[in-house]
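Here are a few exercises to work through with the structure open beside you. Try each task before reading its solution.

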Amino acid sequence: MGSDALHQLVLTQLDDDQAQEIVSIPLAGKSSIADHMVIASGRSTRQVASMAQKLAEKIKEAGYGPARVEGLPAADWVLIDAGDVVVHLFRPEVRSFYNLERMWSFEGSDAAASGRV
């Protein structure tokens, strides 16, 4: 049950929940906060909240322990900290405003974000 298995679980669950524009940014060796950062969008606050709750449940059921979830009441931007994988779920307008992909792409372009699904 390593970080790669957790990362794959997150990507699979987001795909199952019809998340949009899923991007995975490898952080291993670049940051000590996690090995992977996953960013995805939902069409509405209701979908973002639903995806976050389901993902937190799946992570716990898979034996990774409880994930910390922040931002659920408003569900414009929900952060799920699962230890080795950090997930950001956004409404599209909020995602474009904060543009985390650009901030974490060290080469200065969105092409640096790998693992687009």
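**Exercise 1.** Does arginine 91 count as buried, partly exposed or exposed, and why? Then place its side chain among its charged partners.

*Solution.* Keep in mind that this is a predicted model.
Step 1: the relative accessibility of arginine 91 is 21%.
Step 2: buried requires a value under 20%, and exposed one over 50%. Arginine 91 therefore counts as partly exposed.
Step 3: look for a partner. The side chain of arginine 91 meets that of glutamate 93 in a salt bridge, 2.4 Å from N to O.
Step 4: widen the view. Asp76, Arg91 and Glu93 are linked in a network of salt bridges.

**Exercise 2.** Describe how helices H1 and H2 pack, and which residues make the contact.

*Solution.* Two packed helices are described by the angle between their axes and the distance between the axes.
Step 1: H1 covers residues 3–16 and H2 covers residues 45–64; their angle is about 145 degrees, and their axes lie 10 Å apart.
Step 2: the crossing of H1 past H2 is right-handed.
Step 3: H1 brings Ala5, Leu6, Leu9, Val10, Gln13 and Leu14 to the contact, while H2 brings Lys54, Leu55, Lys58, Ile59, Ala62 and Tyr64.
Step 4: sorted by class, this contact has nine nonpolar, one polar and two charged residues.

**Exercise 3.** Which side chain meets aspartate 17 in a salt bridge, and where do the two residues sit?

*Solution.*
Step 1: the structure holds five salt bridges. In one of them, aspartate 17 pairs with lysine 54 at 3.5 Å, N to O.
Step 2: aspartate 17 lies in the loop between H1 and strand S1 (20–26), and lysine 54 in helix H2; the pair links distant parts of the chain, 37 residues apart.
Step 3: compare the accessibilities. Aspartate 17 has 13%, so it counts as buried. Lysine 54 has 38%, so it counts as partly exposed.

**Exercise 4.** Explore the surroundings of serine 41: is this residue buried or exposed, and what does its side chain contact?

*Solution.*
Step 1: serine 41 belongs to strand S2 (residues 36–41).
Step 2: serine 41 counts as buried because its relative accessibility is 2%.
Step 3: leaving out residues up to four places away in sequence, serine 41 touches Ala19, Gln20, Met51, Phe90, Pro92 and Arg95.
Step 4: the side chains of serine 41 and arginine 95 are joined by a polar contact of 2.9 Å.
Step 5: follow arginine 95 onward. Arginine 95 forms a salt bridge with glutamate 101, with the closest N and O atoms 2.3 Å apart. Both arginine 95 and glutamate 101 are buried.

Definitions and conventions: Residues are numbered from 1 along each chain as its sequence is written. This is a predicted model: local features need pLDDT of at least 70, side-chain atom pairs count only at pLDDT 80 or more; totals for chains, interfaces and linings use all residues. Side-chain values use heavy atoms; hydrogens and water are left out. Axes are lines fitted to C-alpha atoms, for helices over the stretch in contact, and angles run from 0 to 180 degrees between N-to-C directions. Helices (H or I, at least four residues) and strands (E, at least two) are DSSP runs, numbered from the N terminus. A crossing is left-handed if the near helix is turned anticlockwise from the far one by less than a right angle, and right-handed if clockwise. Contact means heavy atoms within 4.5 Å. Ala, Val, Leu, Ile, Met, Phe, Trp, Tyr, Cys and Pro count as nonpolar, Asp, Glu, Lys and Arg as charged, and the others, Gly among them, as polar. Buried means under 20% relative accessible area, exposed over 50%, partly exposed in between (1.4 Å probe, protein chains only). A polar contact is a pair of N or O atoms within 3.5 Å; within protein, one must be able to donate a hydrogen and the other to accept it, and residues adjacent in sequence count only if both atoms are side-chain atoms. A salt bridge is a side-chain nitrogen of Lys or Arg within 4 Å of a carboxyl oxygen of Asp or Glu.
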